[in-house]
Amino acid sequence: MANPYIQQGHTEDCLHERKEYLAGKKLIICANRAPFQFEKDQDEEYIFERGSGGLVTALLGLTQNIDATWIACAQSSADRELTSVHVPLDPDIPEHTIHIKFLSPTAEAYEGYYNVIANPLLWFLQHSMWNVPTSPIINRATWNAWDDGYVAVNKLFARAIIEATREYPGTKLVMLQDYHLYLTARHVRDAIPPRSRPTLLHFIHIPWPGPEYWRILPPNMRFSILDSLCAVDILGFQTNADGLNFIRTCESFLPKAYVNFKHGRIWYRNHATYVRDFPISIDVDSIKNQVRSPEVVEYRSEIESNTEDFNVIVRVDRIEPSKNIVRGFLAFEELLDLHPEHCGNVHFLAYLVPSRLGVEEYNEYLDNINATAGRVNAKYGDSDWEPVRIIIGENYDRALAALQIYDVLLVNAIADGMNLVAKEGPIINQHNGVLILSESAGANQQLGAGAIVIPPCDVYATAEAMHQALIMPESEKREKAHLLKWRIEKEDIVDWLCRQLQTIEELGL
């Protein structure tokens, strides 16, 4: 189901062409969070800071010179007070602004929408992380969170979209983002007459498992999600496999849906939904500039002083069970046992970012991470050598510094929509480092040819991949590193955005 409508080209030229295509059109972006965080300073004046990440950069870059609105849930009291605000994108060009529309569901509704249904129910399901014999338990509280939270907040988004489209008589494009907004499109499509209806594009950033796993959800929930996603014009996924799984899920659970695997199309309720894969990427120029900052340079110097004369294995992950951190340490233990020549010669540096530590499963997983690393250090370490070093904290500059100096980068996720660390590392690494990549990470579709690909649950295979990476001839390492850099630079975050817009054009939507 590779996208037949996309041709590769220079991404800057592509973005310029897409902006010309959007000229005179209304662009509406919908996501749980806004691209700016608003607060009040000591003088009670509103101040804002732009969110980080390539997604925000790409989408905001698209909105210049275009009538654009970004709809999101309020996250702060300042957001709720503002309700609606125009934010300058370029201080030197006052007319370059984006309209931010904040939605303010009740605290109870947002809790149910975000912390009960979206996270963890849908997130765990789509990462195949539920231990089905014992969890999830879908009870009356879950259904209340669904009806009064997830459904209610999705209706809020739909009403805001409908209002924004009524204010603009011309052509409209709505770009919905991720698993928080699965029910929004159906409300929009049913409420707006065909002649006034916007083009609806929904991109899902996390994996989509096969139909057998969607049986976890009650039929009414499952049907509502599939029914609404088949109300969009283009449904984007990270990988070809995710898109195929979605079509299989519709074939299994959506009555009267006619699926076409060859053309990636679903015909349902007298409407065609086109299923495509648009692998997301990174802002290559931005990350290259950031590693030259004094903060990153200082961190790199510090890390190099502590790892001099050692080979370095690095991982950078959020502390989430899906990232498979414990098995990574078990594989390192197996490496030292099977290949003792590496003892005393390799440091494993794990840069871990706290995530959802209010959830019991995440706290338990962190305890397991620390216990496993502690056992490896006790078993193999001595006063001169600490095999595993865990550094916990959200410090992007420090992580970038480590990614510059690794000899091996381990990305062994059990399930990942993409995993951008697998793209950030090869772009900035200075050692021709080798990428060990899980076959279950979305990045494998693009980067597998330049990596050592491993099955994530196979600790022995991961250990042998570490050994292979550590002893790999320099010429082979250089060839793999070059291939990864070339692929990532060619298919950066701008290319991700351009592929979606070009698909809209090619399909005549």
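**Burial, bridges and strands in a predicted model**

Asp242 lies in helix α9. The model is predicted.

Me: Which residue carries the nearest side chain of opposite charge to Asp242, and how far away is it?

Reply: Asp242 is buried yet has no salt bridge. A salt bridge needs a side-chain nitrogen within 4 Å of a carboxyl oxygen. The nearest side chain of opposite charge belongs to Arg248, at 9.6 Å.

Me: Which residues does Asp242 touch, not counting those up to four places away in sequence?

Reply: Asp242 sits in α9. With residues up to four places away set aside, Asp242 touches Pro207, Trp208 and Phe237.

Me: What is the reach of helix α9, from its first C-alpha to its last?

Reply: Helix α9 covers residues 240-253, which makes 14 residues. At 1.5 Å a residue, 20 Å is expected. The reach of α9 is close to that, at 20 Å.

Me: What covers the buried residues of α9?

Reply: The buried residues of α9 include Asp242, Phe246, Ile247 and Phe253. Gly243, Asn245, Thr249 and Cys250 are buried as well. Their cover includes helices α7 (211-214) and α8 (219-229). It also includes strands β9 (234-237), β10 (258-260), β11 (265-267) and β12 (272-277).

Me: Are the residues of β9 that point either way buried or exposed?

Reply: Ile234 and Gly236 point one way from β9. Leu235 and Phe237 point the other way. In a regular strand, side chains alternate between the two faces of the sheet. For β9, all of these residues are buried.

Me: Which residue in β12 is the bridge partner of Leu235?

Reply: β9 pairs with β12 in the parallel sense, over four bridges. The partner of Leu235 in β12 is Val275.

Me: Which residue stands opposite Ile234 in β9?

Reply: Strand β8 (residues 199-203) and β9 run parallel, joined by three bridges. Opposite Ile234 stands Leu201.

Me: Which residues make up the uncovered face of strand β5?

Reply: Strand β5 spans residues 84-88. Its covered face has Val85 and Val87. The uncovered face has Ser84, His86 and Pro88.

Me: How many salt bridges does the structure hold?

Reply: One of them joins Lys26 and Asp67, at 3.2 Å from N to O. That pair links strand β1 (residues 26-30) with strand β4 (residues 67-73), 41 residues apart. The count for the structure is 20.

Me: Is Lys26 buried or exposed?

Reply: Its salt-bridge partner is Asp67. Asp67 has 37% relative accessibility and counts as partly exposed. Lys26 has a relative accessible area of 7%, and buried means under 20%, so Lys26 is buried.

Me: Which residues are linked in a network of salt bridges with Arg186?

Reply: Arg186 forms a salt bridge with Asp227, with the closest N and O atoms 3.0 Å apart. This pair links helix α6 (residues 184-191) to helix α8 across 41 residues. Both Arg186 and Asp227 are buried. The network joins Arg186 with Asp190, Asp227 and Arg269.

Me: How many residues apart in sequence are the parts that Glu333 and Lys379 tie together?

Reply: The side chains of Glu333 and Lys379 meet in a salt bridge, 3.4 Å from N to O. Glu333 lies in helix α12 (residues 325-338) and Lys379 in helix α13 (residues 360-380), so the pair ties together parts whose separation is 46 residues.

Me: How many residues has the largest nonpolar core?

Reply: Those with the most contacts inside it are Trp70, Ile100, Val314, Leu403, Leu435 and Leu437. Beyond its neighbours within four places, Leu437 contacts residues including Val411, Ala422, Leu447 and Ile454. Another core lies apart, with 65 residues, among them Trp208 and Leu217. The largest core has 74 residues.

Me: How far apart in space are His482 and Pro120, C-alpha to C-alpha?

Reply: His482 is in helix α18 (residues 474-490). It is exposed, with a relative accessible area of 58%. His482 and Pro120 are 362 residues apart in sequence. In space, the C-alpha to C-alpha separation is 38 Å.

Methods
Residues numbered from 1 in each chain as written. Predicted model: local features only at pLDDT ≥ 70, side-chain atom pairs only at ≥ 80, totals over all residues. Heavy atoms only, no water. Helix = DSSP H or I, 4+ residues; strand = E, 2+ residues; numbered from the N terminus. Expected span 1.5 Å × (residues − 1). Buried < 20%, exposed > 50% of the residue type's maximum accessible area, 1.4 Å probe, protein only. Contact = heavy atoms within 4.5 Å. Core = buried A, V, L, I, M, F, W, Y, C linked by side-chain atoms within 4.5 Å. Lys, Arg positive; Asp, Glu negative; His and termini not counted. Pairing = 2+ DSSP bridges.
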